[in-house]
Amino acid sequence: MKKSMKPDVWNKLVVLGEKQGAIRLSDLALEMGLGPEETLFFLRQVFPSGTGIEIYHQNSECWVDIKGEEIQYMLPLSPAEWMQLHQMLYANKTADTQVMHSLRKKVTENGPIKVVMELLNQLELWDQELNESEQQIVQQLDTAIVEKQLLCLATGDNRTFIVHPCRVLHLEGQLTLIAEDSSDHCLVVVPLKEVKEISSVPSSKVPKVSPYEVEEFISAIRAMNEKETRLILKIHDPGTTNLFPEHHFLGKPCMITNPNGDLIWAAYVEPCEALYDWLLTLGKNVEILDPVKFKDDYLIYCEEKLRKIA
């Protein structure tokens, strides 16, 4: 299911879209529901090149001068939020407001954003097809794992596996099935992108490999490929936060609450795009404490993602 554009992001963009001329930073921050420093950070996201906006100090106060006709901006949105914006702009033109009409005009005439919006129809259809196909396979495997079913997997290179599925997880950057071979009870690794067909096999056999053996197997693969790192996070407001990324193997997890009510979260993980996307969903609720290299790689990923959609 697609995520909707966060209301607070949309509201901030609407506030900016209605501005023309100079305004005190403190007043703009108040309208946007942010602090002054947060507002400056948001403005740097929206106007990375500085075109269309000027920030200056006068009489000991910080001012923001917005020149609407010169704007060349980049919206700080995820791909799902871009798609939601696209739908909001074009789904129901009969219910147009002046703000929506103005925003649509800016979007269709602004070079960088125009390119993104023109690609969204094709991207949305392709992304939806890919996700639905992948999700169907994952759901089928998750059900089979819970019900301890025996499955026949057919791959694109005409191979078949008769297996007991054990875990679906991100391994070496892609969704992968760890399964127990029904004949010799060895654990096998099957990338889901290679699976073309899944069918249930009537059988009274039960899996013999224990969950502990599966965890040790996954840890050994990650250690062998040097893909594993000990990630340490500080999570604010843990009660409203998804602490467990779906289909990720968390080696030796540890969670401790500090005196301020923050949760210190630690686990051995495999850095990959899906893990970075999980961190993105946590937003300001998460701080990466260690390792520094993971934090650097995550920031590079975020920059690349913004560059691709802008």
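Which residue in E11 stands opposite Arg-230? Tyr-268 of E11 takes that place. This is a predicted model, in which local features need pLDDT of at least 70 and side-chain atom pairs count only at pLDDT 80 or more, while totals for chains, interfaces and linings use all residues. Residues are numbered from 1 along each chain as its sequence is written, and side-chain values use heavy atoms, with hydrogens and water left out. Helices (H or I, at least four residues) and strands (E, at least two) are DSSP runs numbered from the N terminus.

**The sheet**

- An open sheet is formed by four strands in the order E10-E11-E9-E12, with antiparallel pairing; two strands pair if DSSP finds at least two bridges between them.
- E10 and E12 are the edge strands, each pairing on one side only.
- From one strand to the next, the twist averages 20 degrees, with axes taken as lines fitted to C-alpha atoms and angles running from 0 to 180 degrees between N-to-C directions.
- E9 and strand E11 (residues 263-269) run antiparallel and are joined by seven bridges.

**The nonpolar cores**

- A nonpolar core is a set of buried Ala, Val, Leu, Ile, Met, Phe, Trp, Tyr and Cys residues joined through side-chain atoms within 4.5 Å; buried means under 20% relative accessible area, exposed over 50% and partly exposed in between (1.4 Å probe, protein chains only).
- The largest such core has 21 residues, and those with the most contacts inside it are Leu-231, Leu-233, Trp-265, Leu-279 and Phe-294.
- Two or more residues each come to this core from E9, E11, helix H8 (273-282), E12 and H9.
- With five residues, H8 gives the most to this core.
- Leu-279 touches Leu-233, Val-286, Ile-288, Phe-294 and Tyr-298, leaving aside residues up to four places away in sequence; contact means heavy atoms within 4.5 Å.
- A second, separate core has 17 residues, including Val-163, Leu-175, Ala-179 and Val-190.

**Backbone features in loops**

- The peptide bond from Asp-290 to Pro-291 is cis, with omega near 0 degrees, and Pro-291 is found in the loop between strand E12 (286-290) and helix H9 (292-309).
- Asn-158, a residue other than glycine, has a positive phi near 65 degrees; Asn-158 is placed in the loop between strand E4 (151-155) and strand E5 (160-171).
- Asn-158 counts as exposed because its relative accessibility is 74%.
- Asp-237 is not a glycine, yet has a positive phi of about 50 degrees; Asp-237 lies in the loop between strand E9 (229-235) and strand E10 (251-257).
- Asp-237 counts as partly exposed, at 45% relative accessibility.
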